[in-house]
Amino acid sequence: VLDASWYPPKERNARQEFKERHIPGASFFDIEECRDKSSPYDFMLPSESHFADYVGGLGVSNDTHVVVYDGDEVGTFYAPRAWWMFRAFGHKEVSVLNGGFKNWVKEGHPVTAEVTQPTPAVFKARLNRALVKTFEEMVQNVSSLKFQVVDSRPEGRFRGTELDQGLESGHIPGAVNIPFHSFLSETGHEKSIEEIQEIFHEKKVDLSKPLTATCRKGVTACQIALAAFLCGKRDVAVYDGSWSEWFHRAPPHYKVSESKRSKA
């Protein structure tokens with residue numbers, strides 16, 4: 001069991017909260033450590049060897065069933081990112097705790113401050129490139145339309161009418177907007193498969209065809225991949241760089257924004 005919580009430093013301290021209370025036997029999955037620190041973009045996938053060494057140190061082998069959760073108030077926020085990372089590196093036995101830590105506590109399940117030291121294990125990672133899209137592939141897709149693109153950010157950031165954590169916002173041409181919280185119930189649990197299928201259907205997203213998810217920094221995009229996975233679609237790719245990279249690298253006409261149009 002891995003606690004994959006992360007919060008803006010000024011708001012909450014995920015590691016400190018883990019030390020104070022967590023699911024018994026859980027280890028802390030530090031997304032700040034398990035990433036490509038040489039990249040200018042947040043939370044990019046680490047190398048195969050980095051990931052293997054990191055999760056091996058948490059006691060995860062290729063035979064381990066991993067369950068990830070986080071403590072976000074919405075129910076699930078960073079856990080799907082950790083879930084997708086494991087799948088991207090070839091690990092299929094990985095689950096997300098439905099409802100997250102807040103519902104675990106609400107339902108009266110045990111918590112502890114005792115930190116266990118996992119026995120190190122050997123994990124062999126092999127990146128499944130079909131689950132990861134690069135900037136170059138996203139640029140090519142603008143004209144080729146080989147795969148559908150779903151953006152999981154709030155509508156205002158997708159449309160370009162509000163700043164996206166300090167960045168001018170907007171979206172990739174051809175992308176469809178489904179805010180990630182659309183898939184969560186008021187309690188923070190995943191909606192039913194029927195409800196999730198209807199959400200995709202309403203947005204004219206065909207789950208029988210190739211699909212890539214994007215967001216601000218490759219985190220809530222993984223909620224799209226998880227929702228589709230629950231519907232039986234297990235091959236949703238994530239654009240790892242997402243808007244953080246696209247904003248800095250894409251030509252101006254490849255950044256669709258209502259605010260720019262209104263200024264013009």
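Student: In which sense do strand β1 (residues 2–3) and β3 pair, and over how many bridges?

Tutor: In this predicted model, strand β1 and β3 pair in the parallel sense over two bridges. The definition asks for at least two bridges between two strands, so the two bridges found here are enough for the word "pair". One of the residues concerned is D3, whose bridge partner in β3 is Y69.

Student: How do you know that β3 and β4 pair?

Tutor: Strand β3 (residues 66–69) and β4 have three bridges in the parallel sense, and because the definition asks for at least two, they count as a pair. As for individual residues, V67 has S95 as its bridge partner in β4, and V68 stands opposite V96 in β4.

Student: What makes β2 and β4 edge strands?

Tutor: The open sheet of four strands runs in the order β2-β1-β3-β4, with parallel pairing. Within this sheet, β2 (27–28) and β4 (94–96) each pair on one side only, and that is what the name "edge strand" refers to.

Student: Which strands are at the edges of the sheet of five strands?

Tutor: That sheet is also described as open, and its order is β5-β9-β8-β6-β7, with parallel pairing. Its edge strands are β5 (132–133) and β7 (176–177), each of which pairs on one side only. Elsewhere in the order, strand β8 (residues 211–214) and strand β9 (residues 237–239) pair in the parallel sense over two bridges, with A237 in β9 as the bridge partner of T212.

Student: Why is the contact of R81 and D240 called a salt bridge?

Tutor: Their side chains meet with a distance of 2.9 Å from N to O. The cut-off is 4 Å between a side-chain nitrogen of Lys or Arg and a carboxyl oxygen of Asp or Glu, so the pair R81 and D240 meets the definition. Across the interface of domain 1 and domain 2 the rule finds one salt bridge.

Student: What makes E136 and R249 a salt bridge that links distant parts of the chain?

Tutor: The closest N and O atoms of E136 and R249 are 3.1 Å apart, and because the limit is 4 Å, the pair qualifies as a salt bridge. E136 belongs to helix α5 (residues 135–144) and R249 to helix α9 (residues 242–249), and the two residues are 113 residues apart, which is the sense in which distant parts of the chain are linked. By this rule the count comes to 13 salt bridges.

Student: How many residue pairs are in polar contact between the domains, and which element of domain 1 gives the most to the side that touches domain 2?

Tutor: Between domain 1 and domain 2 there are eight residue pairs in polar contact.

Technical notes: Residues are numbered from 1 along each chain as its sequence is written. This is a predicted model: local features need pLDDT of at least 70, side-chain atom pairs count only at pLDDT 80 or more; totals for chains, interfaces and linings use all residues. Side-chain values use heavy atoms; hydrogens and water are left out. A polar contact is a pair of N or O atoms within 3.5 Å; within protein, one must be able to donate a hydrogen and the other to accept it, and residues adjacent in sequence count only if both atoms are side-chain atoms.
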